Amino acid sequence: MYLVMVRKYSVKRQRILQLFEDHHILTANEIVRLLPDIDRATIYRNLKYFVETGEIRQLQIQKNVMSYERFNPDDMHQHFLCRNCNKVLKIYGIDKNYIQSKLPHDVNVEFIDLNVIGVCDECSSVLKPC
Ligand SMILES: [Zn+2]
Ligand SMILES: [Zn+2]
């Protein structure tokens, strides 16, 4: 009985992780919508677990909304948010040394969590600039 329960949990965990193979960024609500047979509390508990184990990174890109992405040290990037459609794009090439060079010498950059806001390609044709 115990083993069966453990296996059941790990299948749910696996399915949450698998979502990130097709999605760069997901909010908890989106995960709940994509996995309708798993209850919300289980999804939140597992997300917390993955954040603690470092498999998933918690991000605040949109105001007041927590987003999640799979942590991959080989794919370090920052985020661009389209203010119209909330699309998130990856920004590469902003490295620690660059940021460090823009700061006083006595501060030590540990990690970079940078969000850039703008309008994506598709939205720029229907929106006037800010
Ligand atoms: Zn857009
Ligand atoms: Zn990302």
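The exercises below concern the fold and domain layout of a predicted model.

**Exercise 1.** State how many helices and strands the chain has, and in which order its elements run.

Solution. Begin with the totals: the secondary structure consists of five helices and six strands. Then read from the N terminus, which gives the order α-β-α-α-β-β-β-β-α-β-α.

**Exercise 2.** What share of the residues counts as buried, and what share of the contacts joins residues at least 24 apart?

Solution. For burial, the criterion is 20 or more other C-beta atoms within 10 Å of a residue's own. Of the 130 residues, 10% count as buried. For contacts, consider those between residues at least 6 apart in sequence; 44% of these join residues at least 24 apart.

**Exercise 3.** Locate the domains and describe where they touch.

Solution. First set the bounds: domain 1 covers 2-70 and domain 2 covers 78-124. Next, the separation: the centres of the two domains, taken over C-alpha atoms, are 24 Å apart. Then the contacts: four residues of domain 1 meet six residues of domain 2. Finally, sort the domain 1 side by class: two residues are nonpolar, two are polar and none is charged.

How values were computed. Residues are numbered from 1 along each chain as its sequence is written. Chains are lettered from A and ligands numbered from 1 in the order in which they are written. This is a predicted model: local features need pLDDT of at least 70, side-chain atom pairs count only at pLDDT 80 or more; totals for chains, interfaces and linings use all residues. Helices (H or I, at least four residues) and strands (E, at least two) are DSSP runs, numbered from the N terminus. A residue is buried if 20 or more other C-beta atoms lie within 10 Å of its own, exposed if 12 or fewer, and partly exposed in between; C-beta atoms are placed from the backbone. Two residues are in contact if their C-beta atoms, placed from the backbone, lie within 7 Å. Domain bounds come from an automatic or database domain assignment. Ala, Val, Leu, Ile, Met, Phe, Trp, Tyr, Cys and Pro count as nonpolar, Asp, Glu, Lys and Arg as charged, and the others, Gly among them, as polar.
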